[in-house]
Amino acid sequence: MSQLLLAVQPLRDADITQLNELGVTVTTPDAISDDALANVTISYGWSATLGPKILSMPNNQLKWIQTMSAGVDYMPLKELAEQGILLTNASGLKSVPIAQSAIGYMMHFARGLNVYQTRNHWEEFTDQYMLSELPTVIFGTGHIGQQIARYLSVFNTPVYGVNTSGRPVEGFDTTFSINDLSSLPEVAVVISVLPGTDATKHFFNAEMLAQFQNLFLFVNVGRGSTVDQTALLDALATKSIRYAALDVTEIEPIPGDSPLWHHDNLLLTQHTTWAEHESSGRAGNLFPLFMKNLPDFLAGKPLTTNFVDVTRGY
């Protein structure tokens, strides 16, 4: 069967040539006609405009979507499940820059850089920490969580992981089930890389945050929907959490009147921890990841790299 790929994300000429040699024809959103949308079999990236149009066509041929992001909470998962459309994400693609940002947050607050950044007079600040003094728990032990754990190991930081089952994962001292945190040791830093699903909606609510007594730092580089922002701001106000760093928020862009802008102990980086200079853009290096699955797709075999269970959302 001939394949028509809709390149929502840009492809290089060399990429297109490689696809053509495999029998895949490439079109773009500005070149495809409405009539031809039904013939698209692969969507490279997701168009919020054209994607729903394709799904609404009863005779559409769409079989596979490759997203440019790790999280897929913005995708029409119910429709994909009903139509049997395969979904793969970009998990791991930006794990290194995101993990380095998470370490940067820790350094920023642990080494007192946040204090010195705004100080315009001589006053020594010595209430600083070594990273080895900040036991850390990472919620989410996938590509990003593992990369953060690898970096923390260099600093001899005790690091614990939380996943669905509590299964051991290399790089973590111990792992725990997300449904049983009763034996989790006392930690100073919580880092969330949880996906945005119905099950994780406001997972970090007032009750959950209260379980972490005198927390030094709370970090979210997962999905904004996982954190009750009001509860987090309350915890910062009462100093039960000393500092927080958020790369993701419930509403993006953050409204100008949001209280998030006005808290001295909260660092906002506005969903940009994925950025890197060499591979610019959110979809930098996406094509090699896509190509890991393409031969199997063309052969009618199951996709094994970054396959998403659309019924679970990850």
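This is a predicted model: local features need pLDDT of at least 70, side-chain atom pairs count only at pLDDT 80 or more; totals for chains, interfaces and linings use all residues.
Local features need pLDDT of at least 70, side-chain atom pairs count only at pLDDT 80 or more, and totals for chains, interfaces and linings use all residues. Residues are numbered from 1 along each chain as its sequence is written, and side-chain values use heavy atoms, leaving out hydrogens and water.

Start with the helices. Helices (H or I, at least four residues) and strands (E, at least two) are DSSP runs, numbered from the N terminus. Two packed helices are described by the angle between their axes and the distance between the axes. Axes are lines fitted to C-alpha atoms, for helices over the stretch in contact, and angles run from 0 to 180 degrees between N-to-C directions.

Look at helix H4 (residues 95-110) and helix H6 (residues 143-154). Their axes lie 8 Å apart, at an angle of about 50°. That makes H4 oblique to H6; angles under 35 degrees count as roughly parallel, over 145 as roughly antiparallel, 65 to 115 as roughly perpendicular and the rest as oblique. The crossing of H4 and H6 is right-handed, a term used if the near helix is turned clockwise from the far one by less than a right angle. Residues of H4 in the contact (heavy atoms within 4.5 Å) include Ile-98, Ala-102 and Met-106. H6 brings residues including Ile-144, Ile-148 and Leu-152. By class, the contact of H4 with H6 has 10 nonpolar, 4 polar and no charged residues. Here Ala, Val, Leu, Ile, Met, Phe, Trp, Tyr, Cys and Pro count as nonpolar, Asp, Glu, Lys and Arg as charged, and the others, Gly among them, as polar.

Stay with Met-106 of helix H4. Met-106 has a relative accessible area of 0%, so it is buried. Buried means under 20% relative accessible area, exposed over 50%, partly exposed in between (1.4 Å probe, protein chains only). Leaving aside residues up to four places away in sequence, Met-106 touches Arg-111, Leu-131, Thr-136, Leu-152, Val-189, Ile-191 and Leu-217. Met-106 and Val-189 are 83 residues apart along the chain, yet their C-alpha atoms are separated by 8.3 Å.

Now turn to the rings. The structure holds 15 aromatic pairs. Rings of Phe, Tyr and Trp (its six-membered ring) pair if their centres lie within 6.5 Å; planes under 30 degrees apart count as stacked, over 60 as edge-to-face and the rest as tilted. Tyr-129 and Phe-216 form a tilted pair, with centres 4.9 Å apart and planes at 55°. Tyr-129 sits in the loop between helix H5 (113-118) and strand S6 (136-139), and Phe-216 in strand S10 (residues 215-220), 87 residues apart. Tyr-129 is partly exposed at 25%, whereas Phe-216 is buried at 6%. Phe-204 and Phe-218 form an edge-to-face pair, 5.1 Å centre to centre and with 75° between the planes. Phe-204 is buried at 0% relative accessibility, and Phe-218 is buried at 0% as well.

Gln-66, in strand S4 (residues 64-66), touches residues including Tyr-44 and Phe-290. Gln-66 is buried, at 1% relative accessibility.

Finish at helix H9 (residues 286-298). Its axis and that of helix H1 (residues 13-21) come within 12 Å and cross at roughly 5°. H1 and H9 are therefore roughly parallel to each other. Asp-15, Gln-18 and Leu-19 of H1 meet Phe-287, Phe-290, Met-291 and Leu-294 of H9.
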